[in-house]
Amino acid sequence: MELNYYIPSQGGYIMYTPDIVFDHAWIEELHHRLSEDGPWDDWRMFQLAYEAEQSLLIPDFGELQCLKYLSSVQPFPHQIKAAKKVITEMRGRAILADEVGLGKTIEAGLIIKEYMIRGLAQKILILVPASLVTQWTYELNQKFGIPAMAQKKEYMWKQYDILVASIDTAKRPPHRNHVMEQEYDILIIDEAHKLKNRQTRNWEFVNQLKKKYCLLLTATPIQNDLHELYNLITLLKPGYLGQFRTFQNNYMNGKRKAKNSMLLKKEIEKVMVRNKRRDGNIHFTERHILTIPIQLTDEERRIYDKVTQLIKEKYVSHSQLESSLSLITLQREVCSSYDAALLTLSQFHKKAENNLSFRSAIEELVQDFQRVKDNSKAQKVIQLIKEIKDKVIIFTEYRATQEYLQDLLAQEGITSVLFRGGFRRGKKDWMRELFEKKSQVLIATEAGGEGINLQFCNQIINYDLPWNPMKVEQRIGRIHRLGQTRDVYIYNLSTSDTIEEYILTLLYEKIHLFEMVIGQLDAILEQIHLHKNIEKNIADILIESDNKREMEIKFTNLSEVIRSVQKENSIELDSYGGVFSL
């Protein structure tokens, strides 16, 4: 075969004969298959190829593809629905605002996994409180197969694509510069309610980060300041609610009251997902609340009354020494442990240099503390733990009480570990693991009420009850959450005829605190202008009442006011925390 090729440089055609080689090897194989009638192909290979093609098909773009790749977690229907809504309707920018214990972390994990499978996310940053870094890292790896790393060293910001880090670390030099230089496909902020104030460094820092998708996680997205609501949504979607002046004109009737609330609600629903415990399709085990009164011994009663009298006398005549709240704190500490009260007494003693009678009274009290060998409240705790015969979390307000209880439990042969805010991240993780695998008791301050999951335990003893009811729900949320398979028992200790009993009656019985959704009480206190000074108001009642009867009447009046507001808002104090009546 000859071919003609035109070559311009030579001004004409040349003749070219290519070499052609015929391969006849296949003919013999063909004759063999014809005679044997096959095999025409490997059926197993064909099936594998067919299944591979099928797996790549996406019949419905709105369905989550990540569900096929999860072997260690079975999401609940509300979590799947939330993830789908964020991806298909909210375009990856949303506030995940489920109530405590409903699995916001699972929803976030589903969203991350889905975007990764679709090839839309590679660089991912999760900013959380320091105590939750390890927990987030573990859950993303174990439940979702997402190779997240806990940030520990400066070089990790650029070396790893998926990092879980403390927001406090990320915003500080030199880490801040590394974070700011990068562009993130997904940014997730846990405990995002701490970003409501745009004057804070946290808000400014997160606002400057470069991100394509953004998730803000918080169980309390809205309190009652509409300005804070605007700040949070602006952080998520700048300009979504317009300039603040426009938002103010359209939706605000004062700082805390909304106008055009139904219209604002519709706007919020476009950027916020909130599931509630009372939704019928979300099942929780039962919650049992048990109040355990403690009778003080004669000696303990004498000391408590002595402290009460000291507070009344010195507050009236020497109020410049301390605020009423500080003095009431001493009364609460005496109900907790003398170890806790000694710290406050020592501070008062230093400040009262020119008040010899006050110093003398303090020194006398210290001697009284030293003479009392037993603590009725602590003894009741030991009795409870021995009766429970299972893991128990004890919450106290004071570090000195923590250490006192640990020593006391050790004398009884009961193993325990401490958990508090001053511990570094690694130590907190170690304490949690020791509690799960070795110790019977975890003694925690309020730091134990934030974020960590302890579903392997179902017993809580509130050794001290905080005056902020939101903290109680956070405590209970550590064990009463999705994944808890047993009923939960909460034991509230209360020393009879003391400040503890009054607070328990007011906050936790008369106004049915434990039946409220988190955020409701905050909304009520805002309406009666007690949101920021309820502790001061309670302290004034305790100090200014001349006798027990007067005190009871004042507490009853306060609780009736709270209950009346609750009743007025019985339509519902809004599924978003109490700003609007829906």
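**Exercise 1. Find the handedness of the crossing of helix 17 and helix 18, then describe how the two helices pack.**

Step 1. The crossing of helix 17 and helix 18 is right-handed: the near helix is turned clockwise from the far one by less than a right angle. Helices here are DSSP runs of H or I with at least four residues, strands are runs of E with at least two, and both are numbered from the N terminus.

Step 2. Two packed helices are described by the angle between their axes and the distance between the axes. Helix 17 (residues 376-388) and helix 18 (residues 399-411) pack at about 50°, and their axes are 11 Å apart. Axes are lines fitted to C-alpha atoms, for helices over the stretch in contact; angles run from 0 to 180 degrees between N-to-C directions.

Step 3. So helix 17 is oblique to helix 18. (Under 35 degrees is roughly parallel, over 145 roughly antiparallel, 65 to 115 roughly perpendicular, the rest oblique.)

Step 4. Ala378, Gln379, Ile382 and Ile385 of helix 17 make the contact (heavy atoms within 4.5 Å) with Tyr404, Leu405, Leu408 and Leu409 of helix 18.

The model is predicted: local features need pLDDT of at least 70, side-chain atom pairs 80 or more, while totals for chains, interfaces and linings use all residues. Residues are numbered from 1 along each chain as its sequence is written, and side-chain values use heavy atoms, without hydrogens and water.

**Exercise 2. Give the strand order of the open sheet and name its edge strands.**

Step 1. The seven strands run 5-6-4-7-8-3-9, with parallel pairing (at least two DSSP bridges between two strands).

Step 2. Strand 5 (149-150) and strand 9 (272-273) are the edges, each pairing on one side only.

Step 3. Inside the order, strand 3 (residues 93-96) pairs with strand 8 (residues 210-217) over four parallel bridges. Alanine 94 faces leucine 215 there.
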